[in-house]
Amino acid sequence: LFLWGAWLDVWVTGVSFALACLLGIGIAVMRNSGIALLSVPAFVYVQILRGVPLLVFLYWVYFGIAIVIGLNFSPVQAGIVALTLTGSAYTAEIFRGGLNSIDPGQAEASRSLGLSRFGTFRHVILPQTVRIVVPPLGNVAIGLLKGATLLSIIAVGDMVRVANDLNINYFTPFEAFSAVAVILIALVALFSAAVSLLERMLRLP
């Protein structure tokens, strides 16, 4: 039961993190565009989503949207949406910092060699940015993993929900939640090792 719950947490985290990275890149580009019509909404988006606690946002997505516009998410879908949007606010700032750390002269040189603006971003700017942002993105992934344990409050059968059910049925709070803590520590260690390995693979010789 715990392993199935842990797998559910990892799966939700992986999907949410991938979507948060894709959305974060787009938000970062909007913030760096220099066009007020794009940069201002992106700035507001980041500030709002970084300021709202994940628990509150999770309730808002699962209950609030259903009431306001009649769009009903399943518990897992609501969790993925909440984690993705919350995570994207952090990944956007990480990608923006990475993009700003690249020497502007490289983009100018690429354009002078005939690369398009998109080609310059894809082949010159983005690969260097990825090398820079891997460690902080790893921290975001770990944060999303721990945030995924909140999904038990909307009836997602993750490992915290399993522990809570065991506690209710057998009154074993110490054993049940200690098991959750041990599994989380092991998962975080695996995530950290994977990030370190990826960082070494991307490091220039």
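This note goes through a predicted model of one protein chain, from its overall make-up to single residues.

1. Overall fold. The secondary structure of the protein chain amounts to eight helices and zero strands. Read from the N terminus, the order of elements is α-α-α-α-α-α-α-α. Along the principal axes, the C-alpha atoms of the protein chain fill a box of roughly 70 × 45 × 20 Å.

2. Burial and contacts in the chain. The protein chain has 205 residues, and 37% of them count as buried. Consider the contacts in the protein chain between residues at least 6 apart in sequence: 73% of these join residues at least 24 apart.

3. Surface and charge. Among the side chains of the protein chain, 11 are positive and 8 are negative. The centres of these two sets lie 11 Å apart.

4. Helix α8. This helix covers residues 173–202, which makes 30 residues. From the first C-alpha to the last, α8 reaches 43 Å, close to the 44 Å expected at 1.5 Å a residue. Buried residues in α8 are A176, V180, I183, L184 and L187. Which helices do the buried residues of α8 pack against? They pack against α1, α6 (117–148) and α7 (159–170).

5. Residue S16. This serine is found in helix α1, which spans residues 2–31. Is S16 buried or exposed? S16 is buried, because its relative accessible area is 0% and the cut-off for burial is under 20%. A polar atom of the S16 side chain lies 2.8 Å from the backbone oxygen of V12. Neighbours within four places in sequence aside, S16 is in contact with G79, I80, L83, T84 and L144.

6. Residue A155. The loop between α6 and α7 holds A155. Phi of A155 is near 75°, which is a positive value in a residue other than glycine. The relative accessibility of A155 is 49%, so A155 counts as partly exposed; the exposed class begins over 50%.

7. Residue F171. The loop between α7 and α8 is the place of F171. F171 is not a glycine, yet its phi is positive, at about 50°. How does F171 count in terms of exposure, and at what relative accessibility? F171 counts as exposed because its relative accessibility is 68%, and the cut-off for that class is over 50%.

Methods. Residues numbered from 1 in each chain as written. Predicted model: local features only at pLDDT ≥ 70, side-chain atom pairs only at ≥ 80, totals over all residues. Heavy atoms only, no water. Helix = DSSP H or I, 4+ residues; strand = E, 2+ residues; numbered from the N terminus. Buried < 20%, exposed > 50% of the residue type's maximum accessible area, 1.4 Å probe, protein only. Polar contact = N/O pair within 3.5 Å; in protein donor to acceptor, adjacent residues only side chain to side chain. Contact = heavy atoms within 4.5 Å. Expected span 1.5 Å × (residues − 1). Lys, Arg positive; Asp, Glu negative; His and termini not counted. Charge placed at Lys NZ, Arg CZ, Asp CG, Glu CD.
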